[in-house]
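This briefing is for a reader who is meeting the structure for the first time. Please look over the sequence and the 3D view, then go through the points below topic by topic.

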Amino acid sequence: MASPQALVSALADPERLLLFARICTTPAGLPAADDPHLAKLAKRLIAAGLVTFSDDRYHVVPEAFREALAKTPVDPLEALFRHGRLVAIPRPGKLRQALLIHLAGKFEPGRLYTEREVREKLAPVHDDHAALRRYLVDEGLLQRSKDGSTYGRPTEARSDDSSAPSPVS
């Protein structure tokens, strides 16, 4: 079940809103075209639970709105995910910070990860795994080596002892 915020976010783009309107006004479902841009727009609507894809057609899911309003998630992070995938990266603020802390939990403190390993951990969460990685580094939840080849979580010991070596050098 998507949150009301996730539904609004999915419809906030004028092109996605127009596509959603086209799907809504086609009772038998809008036929899929060989248009990568259309497919990308539809993918976001599907991820939000507003649209389904079957028999090479996009179909509207009108109950998505009712379900989103039926129950407010207890955990605000829960509202950001649908079927284990992040629907949208929140704007900077407390919610994004909470999301990044949650994602940082996927990485063991003191262990070094290659860029590929970081991608493998973040790609199942969201298509823009590079942005998630960048935000984690920007917030200091992941550190990148000077040569950019490895990443690691800062250890708690490092903040207590400034002479301790960084997990990522």
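**Salt bridges and their surroundings**

The structure holds five salt bridges, and the model in which they are found is a predicted one.

- Lys-43 and Asp-127 form a salt bridge in which the closest N and O atoms are 2.9 Å apart.
- This pair links distant parts of the chain, since Lys-43 belongs to helix H3 (residues 36–47) while Asp-127 sits in the loop between helix H6 (115–122) and helix H7 (129–138), 84 residues apart.
- Asp-127 also meets the side chain of Arg-85 in a salt bridge, with an N to O distance of 2.7 Å.
- Because Arg-85 is in strand S5 (residues 85–86) and Asp-127 is in the loop between H6 and H7, this second pair ties together parts that are 42 residues apart in sequence.
- Lys-43 has a relative accessibility of 45% and therefore counts as partly exposed, Asp-127 is partly exposed with a relative accessible area of 46%, and Arg-85 counts as partly exposed at 29% relative accessibility.

*The pair Glu-117 and Arg-111*

- Another salt bridge is formed by Glu-117 with Arg-111, where the closest N and O atoms lie 3.4 Å apart.
- Glu-117 counts as partly exposed at 26% relative accessibility, and Arg-111 is partly exposed as well, with a relative accessible area of 33%.
- Salt bridges that share partners join Lys-43, Arg-85 and Asp-127 into one network.

*How helices H6 and H7 pack*

- Two packed helices are described by the angle between their axes and by the distance between those axes.
- The axes of H6 and H7 come within 9 Å of each other and cross at roughly 110°.
- Angles of 65 to 115 degrees count as roughly perpendicular, and H6 and H7 are therefore roughly perpendicular to each other.
- On the side of H6 the contact is made by Glu-115, Val-118, Arg-119 and Leu-122, and on the side of H7 by His-129, Leu-132, Arg-133 and Leu-136.
- Sorted by class, the contact of H6 with H7 has four nonpolar residues, one polar residue and three charged residues.

*Asp-147 in its loop*

- Asp-147 is placed in the loop between strand S7 (143–144) and strand S8 (150–152).
- Its side chain makes a polar contact of 2.6 Å with the side chain of Ser-145, and a polar contact of 2.7 Å joins the side chains of Asp-147 and Ser-149.
- Asp-147 counts as exposed because its relative accessibility is 61%, and exposed means over 50%.

*Two residues with positive phi*

- Asp-56 has a positive phi of about 60°, although it is not a glycine.
- The place of Asp-56 is in the loop between strand S2 (51–54) and strand S3 (57–60), and with a relative accessible area of 56% Asp-56 is exposed.
- His-83, which is not a glycine either, has a positive phi of about 55°.
- His-83 lies in the loop between strand S4 (81–82) and S5, and His-83 is exposed, with a relative accessible area of 74%.

Definitions and conventions: Residues are numbered from 1 along each chain as its sequence is written. This is a predicted model: local features need pLDDT of at least 70, side-chain atom pairs count only at pLDDT 80 or more; totals for chains, interfaces and linings use all residues. Side-chain values use heavy atoms; hydrogens and water are left out. Helices (H or I, at least four residues) and strands (E, at least two) are DSSP runs, numbered from the N terminus. Buried means under 20% relative accessible area, exposed over 50%, partly exposed in between (1.4 Å probe, protein chains only). A polar contact is a pair of N or O atoms within 3.5 Å; within protein, one must be able to donate a hydrogen and the other to accept it, and residues adjacent in sequence count only if both atoms are side-chain atoms. A salt bridge is a side-chain nitrogen of Lys or Arg within 4 Å of a carboxyl oxygen of Asp or Glu. Axes are lines fitted to C-alpha atoms, for helices over the stretch in contact, and angles run from 0 to 180 degrees between N-to-C directions. Angles under 35 degrees count as roughly parallel, over 145 as roughly antiparallel, 65 to 115 as roughly perpendicular and the rest as oblique. Contact means heavy atoms within 4.5 Å. Ala, Val, Leu, Ile, Met, Phe, Trp, Tyr, Cys and Pro count as nonpolar, Asp, Glu, Lys and Arg as charged, and the others, Gly among them, as polar.
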